[in-house]
Amino acid sequence: LSGFLTFCRDNNCLPDILAWHELSQEPLDVEAHCRQIKSWMQNNGIPPMPIAVTEYQGSSYSNDYTSIPGVNIYYLASMERAVQYGFAFGLHACWSWSGSNPDFIATLADMANKDGANLPRGLWWNYNAYKDMTGRKVQVDVSGSNGDAFASVDNGRNRSIILIGTRNYVTPHDVSLALTNIPDSLMFNGKVHIRAEMIRDAMELMSPEVMVAEDYPVFGSAVSLSLPTMDPKASYMVYISPATSEVSTISYESESLSASY
């Protein structure tokens with residue numbers, strides 16, 4: 001890229017958007033690459049431009065590595081942090097079929113099953129949770145060299161969402177979760193409700209498995225807990241909301257309903 005950009009600088013043809021692929025068998029650090037190229041441009045008289053990664057995750061056709069949910073979170077978290085260096089958007093790679101294959105089927109970039117493309121794969125649930133991450137991003141600190149995560153909080157909707165993954169897709173993972181500075185909008189009677197769902201690496205996954213669904217008392221604006229061991233290729237989506245066990249409920253019963261078809 002440095003050679004390409006040097007030529008463009010000297011010939012007055014700098015691109016409007018700088019784009020490349022992040023494809024490898026092992027997960028790549030998009031944040032570090034964006035930081036590195038932006039610093040290089042600033043040091044070489046080139047005004048930094050928006051950055052796009054037009055393919056990420058995976059390395060070859062018919063390689064299900066591209067659909068591993070845990071690895072996918074590693075990429076998503078890295079790209080979220082790369083925004084400060086000019087990252088604009090990323091496009092997930094699709095490796096299930098080559099375009100010349102007569103059996104080509106559009107699988108939503110490997111998020112739908114290969115047979116029919118009408119059922120969600122495990123990977124689909126990552127992006128389903130991702131689109132729910134409204135409000136603002138919050139700081140996440142990750143210990144260990146393999147894990148990664150990112151989180152949001154929406155005080156207007158009284159919810160926080162965390163996505164947890166890892167680039168280590170070989171061994172199981174023990175996950176400890178420490179929530180701090182919990183806002184009042186996420187509490188009821190001094191408690192929060194935590195729902196943790198494991199997204200496994202499956203060709204067809206109709207719903208993630210609920211591993212935790214409990215109310216927890218908040219002490220000093222904080223809650224700590226250990227999640228059940230995560231499968232090697234899995235990810236966790238964690239929803240935090242006000243506690244539910246002590247909330248008043250109202251039930252309605254209908255004595256007569258007419259059905260129409």
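Guide: A salt bridge here is a side-chain nitrogen of Lys or Arg within 4 Å of a carboxyl oxygen of Asp or Glu. This is a predicted model, in which local features need pLDDT of at least 70 and side-chain atom pairs count only at pLDDT 80 or more, while totals for chains, interfaces and linings use all residues. Residues are numbered from 1 along each chain as its sequence is written, and side-chain values use heavy atoms, with hydrogens and water left out.

Visitor: Is aspartate 132 buried or exposed?
Guide: Aspartate 132 pairs with lysine 131, with 3.0 Å between the closest N and O atoms. Buried means under 20% relative accessible area, exposed over 50%, and partly exposed in between (1.4 Å probe, protein chains only). Lysine 131, at 56%, is exposed. Aspartate 132 has a relative accessibility of 18%, so it counts as buried.

Visitor: Which parts does the pair of aspartate 231 and arginine 200 tie together?
Guide: The closest N and O atoms of this salt bridge are 2.5 Å apart. Strands are DSSP runs of E with at least two residues, numbered from the N terminus. Because arginine 200 lies in the loop between strand 8 (191–199) and strand 9 (209–217), and aspartate 231 in the loop between strand 10 (223–230) and strand 11 (235–242), the pair ties together parts 31 residues apart in sequence.

Visitor: What is the relative accessibility of glutamate 197?
Guide: Glutamate 197 forms a salt bridge with arginine 195. Arginine 195 is partly exposed at 34%. Glutamate 197 counts as buried, its relative accessibility being 9%.

How values were computed
Helices (H or I, at least four residues) and strands (E, at least two) are DSSP runs, numbered from the N terminus.
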